[in-house]
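Here's a friendly walk through one protein model. Have the sequence and the 3D view at hand, and let's look around.

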Amino acid sequence: MNFREQKPPKKHGPAISVEETWSTLSQNIKEILNHNAANLSFEENHRYAYHLVLYKNGDILYRGMKKIVAENLDRLAKEEIISAFPTTGTGDPMQRSQENELLLKALKSVWDDHTSNMAKLGQILKYMDRIYTKPAEVPETWEAGLQLFLKHIICPPIKDHLLTAVLNQIQYEREGYTINRSAVKGCVEVLLSLDSDDNALTVYQQDLEPVLLRESEAFYKRYGDTLLETCDTSEYLSKVASRFESEESRTHLYLSRKTAEPLMRILQDNLLAVHLDAVITMPNSGLDALIDLDKFEDLARLYHLFGMVPNGIPCLKKTLKASITRRGRDINQASLGDASGGGIESKDADMESRKIKDKGKGRAIAASQTLTTALKWVQDVLDLKDKIDSVWIKSFASNPKVEATMNEAFETFINSNDKCSEFISLFIDDHLKRGLKGKTDEEVDVVLDKTITVFRYLTEKDVFERYYKNHLAKRLIQAKSVSDDAERGMLAKLKIECGYQFTQKLEGMFHDIKISADTMKSYKEHLAKSIPSLSIDLSVIVMTSTFWPSHSSSPCNLPQQLLDTIKPFEEFYLSQHSGRRLTWQLSLGNVDVRVAFKSKKHDLNVTTFAAVILLLFEDLKDDDFLTYEDIQQATSIDHADLQRQLQSLACAKYKVLRKHPPGRDVQSSDAFSFNSAFTAPLQKLKISTVSSKVESGEELKETRDRIDEERRHQTEACIVRIMKDRKHMSHNDLVNEVTRLLASRFQPNPLIIKKRIEGLIERDYLERAEDRKSYNYLA
C-alpha cells in the first residue's frame, strides 16, 4: 500500500466512538501486518489514530498497537523461526551448515517483514508519536517495534539457537568449508540493529561478540600448537598469514568491523607472540635456512608478521644477529684452520725424517695458503654482507633498526679476527696488483666500494693504515699496480671515510713517485751532458722518510761497479737539494742482470742482494765453491736476509746456484757453486725472494708493539690539543672527548688514557685541580 501523508482535517463536532474507532483501526493494523493493506485508505487510518489521540485515548491506541504487533511476532516466531531450528545434532558439517543457514535466513526474513510493517505503522501513527509518546515517556512506534522484536524474537530459545548457528557457521568456515556468508551477515546486521535492555550495548556486542572471541581464542590456541608440531617455518608463516587475511575478510564482509581489533589481537597472541622463538629458530627451516635458500618471500612474510607484535622485531633482530655472528665465526674459524694447516704434518712417527726434509717446502706452501686464506676470508665476508643486505632490502623493508643490528653483528665478528686489518689490506693489495685486470671502471668501483664496506666495520683503523701503507709501498716501488686511477680512487674513498690525516702520508708516497720520475729525467739529461756513458742503467725512487714505512736497513758491501753507478746520482741529487741525506734501502731494490749459462743467456730479475751474491761467482770456475761463511763475509748481509736470498737462488724454482749438500733449507755449513747447466724455456726470468705473504707471530707482535707506541703518542697529542683549547676539564669529560676524537682511528682504552694523562702531569703539561677530579693546562 502506498501512503501519502496529508494533514488531518480539523474536525469540530460531537465526540467520536472510541470503541468503534479502535475496532476499525485495530482490524486495519492486523491487515497491514498480514500484507493485506492494498485496499486500505491511509487518510482514513491516519484520521482514526488522530481522533484517538486528540480525544485523549492515545494510551488505548499505543497499548493496542503493541499487543497486535507482539501477537504477530509470536506467530511469526512459531511459524517461521522455531520451525527452522536445526534437527541434526552431529554428523555431516555441510548438512548442519545448511540447516543453520535456513534458520538465519528465516530470522532475516522475519526481521525484514517486521521492519517493513513498523515503517508503515509509523506513518499511520505519526500524530501519536509526535503528541502522545513524549509526555507519556514511552518509545515511538519504530523504537517500540524494535523492543518488541527483541522481547519476542531475540529471546530463549530462539536467541540461543541463533548464536549457536552463527558461531557454527564461522567455525565451519575456519575449518575450510564454504558457507553462505550473506545469511550470517543478515543475522549479524539484525543483532547490530537491536540494543540490549540497558541500551548500553547492541545485542551483537553483548551476546555474540564475547562468545565469538572466547571460542576464537580457544580455536587459535589449539591451531597454533598444531601448526608448531606439524609445519616447518615456511608453512607456519604461510598458514598464519592466511589466517590473518581470512579473519580480516570475515570481519569486513559479515561481522562488525569493531570485532576486527580484538580478533586480530587473539591471532597475534596465540599464533605469534607465544611462538616467536620456536618459529624463527626451527631446525632446518628457521631464519638460518630461509637466508641460506634465499627465500625472500617467506622472510618478508616473517618480517611482516613479527612486526605485528611488540616483541616480534626485537626477536628477529636478536636471531638475525646470532645468525650473522655464527656465520662470521665459521668464516673466522675457517681462516684459522687454513692458516694453521699450511705446513706438512705427519701423524706417523716413521715420517718424522721426511717431515724435516719437507720443512722448507711446507713453508712455501704455507706462504701461498696464508695469502689465499686472507683473500678467501675477505671474499667470504663480502659474500655474507651481500646476502644479508639482499635480505634486508627485499624482505625487511630496509628497516634502519634491523640494519643497526646487522652492522653490530658484522663489526663484532670481523674485529674478533686478530688479522682482519691485515686481511683486508691484502685483499685490496691483490686486487690492485692483478685482480682488476680486464675490468671496467664501474666494476672496479664496485669491488673497491665493497671493500670499503668491510673497512667501515674495523675498530682499529690505524692497524689497517700500517698494513695498507706497507702494501702500497711495495706496489709503488715494484710498479705492480694495475691501474693508477684505481689506486687513487681507493685513496679517495679512504679519505672520505677517515679524513685527510688518515691518507696524508699515503698521498705523500704518490707524490714521491711523481717527483722521483721527474728527478730521474733530469738526472739522465745531466748524465748525457757530463758523463759519456755508464755501464749500468740506474733508476731511483727517493722516498721521504716521514711518508714511507720504516724498513730495517740490512748492511751490504756493494761491488765496485754498483758503487760507481750510485755515486754520480748521490752527487747530482745532493747538489740539487742541500741539507738532505740519502740512505740507500738496498733491501727494496732489484736488478736486471744477464747471466751466461752453457745452453744460453738468460735475463734475470733479482733483488739487489741477490745480484751482489751472483756477482761473487762471476770470476769463479764451474767447479769452484763458495761457502756460506765466504758469502757472508764478502757481502756482510745479515744472516736472515742472506739465507732467504740463497734459498731463492739455489732452492726455489730457478736454481741458478747449486747447494751442497742439496736440500730446501740453507744452513751455515752449506757451500754453493754456479749452476752452469741451468736451463729454462723463457729468456727473461724473475727470481722472487722467498717470503711469507701474511705476518708471522713474531712479525705480528712487532707490528702491534709499533702500533701501541704510535697510539700512546697520538693519545698524548690529543689530550694536549684538547686541554690547550679548554684550559680546564673534569677527568670524565676529558676521557670522553679523547675517546670521541680518536674513535675514527681506534678505540682507546680509558685506562690507557688515564696513564697518558698521568704521564703528561709528570712532564708538567697538566696539573691536577684542587678538587682532584679535574685538570688544568700548564701553558
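Let's start with aspartate 429, which counts as buried because its relative accessibility is 7%. Buried here means under 20% relative accessible area, exposed means over 50%, and partly exposed is in between (1.4 Å probe, protein chains only). The side chain of aspartate 429 meets that of lysine 433 in a salt bridge, 3.2 Å from N to O. For a salt bridge, a side-chain nitrogen of Lys or Arg has to be within 4 Å of a carboxyl oxygen of Asp or Glu. Lysine 433 is partly exposed, at 25% relative accessibility.

Both residues sit in helix α20 (residues 420–435), four residues apart, which is about one turn of the helix. Helices are DSSP runs of H or I with at least four residues, strands are runs of E with at least two, and both are numbered from the N terminus.

## How to read the model

This is a predicted model, in which local features need pLDDT of at least 70 and side-chain atom pairs count only at pLDDT 80 or more, while totals for chains, interfaces and linings use all residues. Residues are numbered from 1 along each chain as its sequence is written, and side-chain values use heavy atoms, with hydrogens and water left out.

## Salt bridges across the chain

How many salt bridges does the structure hold? There are 41. One of the pairs is lysine 387 with aspartate 294, at 2.9 Å from N to O. This pair links distant parts of the chain, 93 residues apart: lysine 387 is in helix α18 (residues 359–394), and aspartate 294 is in the loop between α14 and α15. Both ends count as partly exposed, lysine 387 at 23% relative accessibility and aspartate 294 at 39%.

Arginine 756 and glutamate 716 make another salt bridge, with their closest N and O atoms 2.7 Å apart. Here too distant parts of the chain are linked, as arginine 756 is in helix α31 (residues 750–762) and glutamate 716 is 40 residues away in helix α29 (residues 697–726). Are these two residues buried or exposed? Both are buried.

Most residues other than glycine have a negative phi, and most peptide bonds are trans. Aspartate 294 turns up again here, with a positive phi near 55°. Glutamate 137, in the loop between α6 (133–136) and α7, also has a positive phi near 55°. Glutamate 137 is exposed, as its relative accessible area is 74%.

Which residues are joined by cis peptide bonds? Another joins histidine 660 and proline 661, with omega about -5°. Proline 661 is in the loop between β4 (657–660) and β5 (671–674).

## A helix and a contact

Helix α21 (residues 441–456) has 16 residues and reaches 22 Å from its first C-alpha to its last, close to the 22 Å expected. That expected span is 1.5 Å times one less than the number of residues. Among the buried residues of α21 are Val444, Leu448 and Phe455.

Tyrosine 127 lies in helix α5 (residues 126–131) and is buried, at 14% relative accessibility. Its C-alpha is 9.1 Å from that of leucine 54, 73 residues apart along the chain.
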